[in-house]
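Please keep the sequence and the model in view while reading.

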Amino acid sequence: MEECCNLGGLIFSSTSLSTLWLSDLHSLSKMVFNCPHLKEVYLDFSRQENDRTDLTTIVNGLGISCPKLQNILIASVRLSHAVVLALTASNLRGLQMLSLVLGSEITDASVAAIASSYSNLELLDLSGSSISDSGIEMICNVFLETLLKLLLALCPNITSSGIQFAAAQLPRLELMDCGKTICDPNLEISNEEGNNSDLQRTPNSKLHLIYQKLRS
């Protein structure tokens with residue numbers, strides 16, 4: 001379901017639903033899940049800065065009510081470390097794919113929380129985040145035997161050293177996206193503002209195509 005920007009709140013209740021994709025979400029007052037067999041969820045939020053959605057509450061409910069989740073993709077400028085903590089507090093032992101895109105407030109501390117909670121990830125996407133080479137090192141240490149796809153596009157704090165380290169340390173890695181990420185430590189002028197605007201301009205249809213490609 002696309003162009004869901006006019007939905008004020010959502011309550012999903014289904015004993016059979018296994019996959020849910022919603023895009024263009026904006027300022028949801030409530031989002032409740034009662035889908036015990038849900039395995040995949042894709043929530044793509046509007047890029048508007050006035051989005052008032054409480055992602056922390058939504059993610060917390062998602063983890064509690066959907067224990068069989070394997071694939072999670074959330075794209076929102078409101079993603080933060082608090083949202084990551086709410087997600088990792090859930091007992092989602094079967095999680096294989098985690099994509100948290102556009103979260104400039106996601107940091108190395110967020111990576112540590114993910115690494116301590118999910119040890120079997122095959123895909124990790126933190127594009128648009130503020131993680132650094134230290135976060136990449138944690139990823140390599142924890143997901144050494146499982147990680148197949150690592151996406152770190154538009155992450156301004158990552159250097160070429162971190163990318164090279166990941167390529168050398170992850171023996172099963174099949175795909176790594178570091179587009180517009182690698183920074184030059186000798187440059188004094190930051191490109192962070194430009195990087196963030198590039199990612200925020202990514203159309204929802206393109207995000208759908210990217211996600212479908214990554215799942216194949």
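Is Asp 44 buried or exposed? Asp 44 is buried, with a relative accessible area of 0%; buried stands for under 20% relative accessible area, exposed for over 50% and partly exposed for what lies in between, with a 1.4 Å probe and protein chains only.

## Basis of the report

The model is predicted, and local features need pLDDT of at least 70, side-chain atom pairs count only at pLDDT 80 or more, and totals for chains, interfaces and linings use all residues. Residues are numbered from 1 along each chain as its sequence is written, and side-chain values use heavy atoms, with hydrogens and water left out.

## The salt bridge

Side chains of opposite charge can pair when their charged atoms come close. The structure contains one salt bridge, a term for a side-chain nitrogen of Lys or Arg within 4 Å of a carboxyl oxygen of Asp or Glu. In this salt bridge the side chain of Arg 47 meets that of Asp 44, at 3.0 Å from N to O. Arg 47 has 15% relative accessibility and therefore counts as buried.

## The strands

Helices (H or I, at least four residues) and strands (E, at least two) are DSSP runs, numbered from the N terminus. Two strands pair if DSSP finds at least two bridges between them. Seven strands make up an open sheet with parallel pairing, in the order S2-S4-S5-S6-S7-S8-S9. Its edge strands, S2 (19–25) and S9 (175–177), each pair on one side only. On average, neighbouring strands of this sheet are turned by 5° against each other, direction ignored. Within the sheet, S5 (residues 71–75) and S6 (residues 97–101) run parallel and are joined by five bridges; Ile 74 stands opposite Leu 100 in S6.

Strand S1 (residues 9–13) pairs with strand S3 (residues 30–34) in the parallel sense, over five bridges. Phe 12 has Phe 33 in S3 as its bridge partner.

Helix H2 (residues 81–88) has Val 83, Val 84, Ala 86, Leu 87 and Thr 88 as its buried residues. Their cover includes helix H1 (55–65), S5, S6 and helix H3 (108–117), where contact means heavy atoms within 4.5 Å.

Ser 80 is placed in the loop between S5 and H2. Ser 80 is buried, at a relative accessible area of 12%. Leaving aside residues up to four places away in sequence, Ser 80 touches Glu 105 and Ile 106.

## Helices H4 and H5

Two packed helices are described by the angle between their axes and the distance between the axes. Axes are lines fitted to C-alpha atoms, for helices over the stretch in contact, and angles run from 0 to 180 degrees between N-to-C directions. The axes of H4 (residues 133–142) and H5 (residues 160–169) come within 9 Å and cross at roughly 5°. H4 is therefore roughly parallel to H5; angles under 35 degrees count as roughly parallel, over 145 as roughly antiparallel, 65 to 115 as roughly perpendicular and the rest as oblique. Asp 133, Ile 136, Glu 137 and Cys 140 of H4 make the contact with residues of H5 including Phe 165 and Ala 166.

## Cysteines

The whole structure holds zero disulfides, a disulfide being a pair of cysteine sulfur atoms within 2.5 Å. Cys 155 is in no disulfide, and its nearest cysteine sulfur, that of Cys 178, is 9.7 Å away. Cys 155 is buried, with a relative accessible area of 0%. Cys 140 is buried with a relative accessible area of 3%.
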